[in-house]
Amino acid sequence: MDEVFGIHAVLECLKAKARQIERIYVAQGASNRQIQEVIDLARRSGVPIKFEPRASLDKRSDGGVHQGVLALCSGYQPLELEEILSELSPEPLLVVLDSIEDPRNLGAILRCCAATGVDGVIFPKNHSAGLSSTVSKTAAGALEHLRISRVTNLVRAFGALKERGIWIVGVETDQVKTYDEPDYKIPLAIVVGNEGTGLRRLVREHCDFLISIPTPGKIHSLNVSVAAGVVMYEVLRQRHSRKV
C-alpha cells in the first residue's frame with residue numbers, strides 16, 4: 001500500500017477514484033475548509049476516516065509535510081507504453097524523462113504535465129526516482145490524472161514513438177536552436193535529462209533535434225522542472241495561437 005499525504009494529493013486521489021483507498025487519517029484538532037472537504041468527500045465515498053495525533057501522521061509520512069491529512073491506498077500502477085500510444089490525441093504531446101533522480105523534481109514535472117494536458121509521461125525503470133509519496137505530494141494530486149509508463153529502454157521506446165510519427169525534441173544546454181524556434185504544431189515528445197548531467201549520450205543522439213533555453217543572466221542553467229515547464233508552455237502557446 002502507498003501513503004499519499006498532503007491536502008491536494010489526497011483530495012485528487014479521492015476525486016479520481018483510480019486507486020482503492022483503505023483509510024484516511026486526519027490529525028486530531030486539524031480544521032480548515034480543505035480538510036473538511038477531504039472528510040466530506042471521504043464519507044460520501046464510503047472511505048473510513050481515523051483521527052489520530054499529529055505525531056502519528058508525522059511518523060506515517062516519515063516527516064513529510066502532510067498538512068494534517070494522509071491516505072493509505074493501493075499503489076499507482078503505470079501503464080504499458082503501448083497503452084499510452086494506442087490512445088493518443090490527434091496532435092499528441094508526450095514528455096520523456098531521462099534519469100530524473102530527485103523526487104521533488106519529478107513531482108514538479110508531473111504537476112506541470114497534468115496542467116498542460118500531456119498525453120503521457122515516459123521514464124525509465126532504472127536510474128530514476130520512483131513514484132513515491134514525496135513525488136505524489138509535490139505533484140499535488142497530478143499523479144492521479146496522468147498516464148505514465150516506466151520502460152526498460154528509452155531508446156527502444158523512441159523507436160515506438162517514431163513509428164507513430166512523433167517527433168522527439170531533446171532539451172539540452174548550449175544548443176544553437178532555442179526552444180522558441182521550432183514549429184511545435186506536430187506530434188511531439190519533449191525529452192529532459194538528469195539534473196546534473198543532462199541527457200545521456202544515446203538518448204541525445206536519438207532525438208530528432210535539440211533545443212536550449214537562453215539564460216543570459218549570471219546563472220547559466222535552470223532547474224529541470226522549470227526547463228520542462230518552459231518548453232511545455234511554449235508548445236501550448238503555439239498550438240493555442242493557431243486556433244485563435
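Tutor: In this predicted model, the lining of the largest cavity divides into three nonpolar, three polar and three charged residues. The residues concerned are Asp 2, Glu 3, Val 4, Arg 19, Leu 131, Ser 132, Ser 133, Ser 136 and Leu 143. The volume that they line is about 40 Å³, and the count of cavities of 30 Å³ or more comes to one.

Two elements, strand S1 (2-5) and helix H6 (133-139), each supply at least two residues of this lining. The greatest contribution is that of S1, which gives three residues.

Strand S1 also belongs to an open sheet of four strands, arranged in the order S1-S4-S2-S3 with mixed pairing. Within that sheet, S1 and strand S3 (49-52) are the edge strands, each pairing on one side only. From one strand to the next, the twist averages 25 degrees.

Val 26 has Val 69 in S4 as its bridge partner.

Two helices pack on the sheet. Helix H1 (residues 7-16) touches S1, S2 and S4, and its direction makes about 40 degrees with that of S4. Helix H2 (residues 33-45) touches S2, S3 and S4, and its direction makes about 145 degrees with that of S3.

Terms used:
Residues are numbered from 1 along each chain as its sequence is written. This is a predicted model: local features need pLDDT of at least 70, side-chain atom pairs count only at pLDDT 80 or more; totals for chains, interfaces and linings use all residues. Side-chain values use heavy atoms; hydrogens and water are left out. On a 1 Å grid over the protein atoms alone, a cavity is a set of points where a 1.4 Å probe fits but cannot get out, and a pocket is an open set with protein on both sides within 12 Å along at least five of seven lines; lining residues have an atom within 4 Å of a point. Grid points are joined across faces, edges and corners, and a volume is the space filled by probe spheres set on the points. Ala, Val, Leu, Ile, Met, Phe, Trp, Tyr, Cys and Pro count as nonpolar, Asp, Glu, Lys and Arg as charged, and the others, Gly among them, as polar. Two strands pair if DSSP finds at least two bridges between them. Axes are lines fitted to C-alpha atoms, for helices over the stretch in contact, and angles run from 0 to 180 degrees between N-to-C directions. Contact means heavy atoms within 4.5 Å.
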